[in-house]
Amino acid sequence: QVQLVESGGGLVQAGGSLRLSCAASGRSFSMYTMGWFRQAPGKEREFVAAINWSGDSTYYADSVKGRFTISRDNAKNTVYLQMNSLKPEDTAVYYCAADRRLRRTLISTMTTSDFGSWGQGTQVTVSS
């Protein structure tokens, strides 16, 4: 289990950018696939992006592909989500999450239930 704390959310105009950070505690951070999810009011939590434990494989939801970039710094136990060209429909609470398994090799088929540790979330609001 890792403990996760997100930061970096806020209010931004459409077309703007934000960078979210997720700081993890625990010695095994570098062995977990990490993901970002979001949940808008009245909607289910949805997958946004994932990065494998070594950082050389990423996967994105179609809705954010080409606009968002997930990255990680294992030396700092931190995963990032760079969000560019933000749209009002990106408004949501954003959560980071850690895989239940160590050193997973295939991340493109992961679902919400594959992630076992979650942060408290950070609000992102995009105004039109």
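Predicted model: local features only at pLDDT ≥ 70, side-chain atom pairs only at ≥ 80, totals over all residues.
Local features were kept at pLDDT of at least 70 and side-chain atom pairs only at pLDDT 80 or more, while totals for chains, interfaces and linings use all residues. Residues are numbered from 1 along each chain as its sequence is written, and side-chain values rest on heavy atoms, with hydrogens and water left out.

The strands come first. Strands here are DSSP runs of E with at least two residues, numbered from the N terminus, and two of them count as paired if DSSP finds at least two bridges between them. An open sheet of four strands runs in the order 1-3-8-7, with antiparallel pairing. Strand 1 (3-7) and strand 7 sit at the edges with a single partner strand each, so one side of each has no neighbour in the sheet. From one strand to the next, the twist averages 15 degrees (axes are lines fitted to C-alpha atoms, and angles run from 0 to 180 degrees between N-to-C directions). Strands 7 and 8 run antiparallel and are joined by six bridges; within this pair, Ile70 has Leu81 in strand 8 as its bridge partner.

With strand 4 the pairing is antiparallel over five bridges, and Gly35 stands opposite Ala50 in strand 5. Six residues lie between the strands of this hairpin, and Gly42 takes a positive phi near 75 degrees there. Strand 5 and strand 6 (residues 58-60) are likewise antiparallel, over three bridges, with Ala49 opposite Tyr60 in strand 6. This second hairpin also has six residues between its strands, and Gly55 in the turn shows a positive phi of about 85 degrees.

On to the interior. A nonpolar core is taken as a set of buried Ala, Val, Leu, Ile, Met, Phe, Trp, Tyr and Cys residues joined through side-chain atoms within 4.5 Å, where buried means under 20% relative accessible area, exposed over 50% and partly exposed in between (1.4 Å probe, protein chains only). The largest such core holds 29 residues, and Trp36, Leu81, Met83 and Tyr94 have the most contacts inside it. At least two residues come from each of strand 3 (18-25), strand 4 (32-39), strand 5 (46-51), strand 7 (68-73), strand 8 (78-83), strand 9 (92-102) and strand 11 (122-127). Apart from this core lies another, of six residues, among them Ala50, Ile107, Met110 and Phe115. As for Met83, its contacts (heavy atoms within 4.5 Å) beyond neighbours within four places in sequence are Gly16, Ser17, Leu18, Leu20, Arg67, Phe68, Tyr94 and Val124.

Rings get their own tally. Rings of Phe, Tyr and Trp (its six-membered ring) pair if their centres lie within 6.5 Å; planes under 30 degrees apart count as stacked, over 60 as edge-to-face and the rest as tilted. Five aromatic pairs turn up by this rule, and ring pairs link Phe37, Phe47, Tyr59, Phe115 and Trp118 into a cluster. Tyr59, in strand 6, is partly exposed at a relative accessible area of 32%. Setting aside neighbours within four places in sequence, Tyr59 touches Phe47, Val48, Ala49, Ala50, Ile107 and Ser108. The charged end of Arg45 is 3.8 Å from the centre of the Tyr95 ring, and that of Arg72 is 4.6 Å from the centre of the Phe29 ring.

Thr112 lies between strand 9 and strand 10 (115-118) and is partly exposed, with a relative accessible area of 35%. Arg103 is found in the loop between strand 9 and strand 10; its phi is positive, near 50 degrees, though it is a residue other than glycine. Arg103 is partly exposed at 46% relative accessibility.

Definitions and conventions: Lys NZ or Arg CZ within 6 Å of the ring centre and 35° of its normal.
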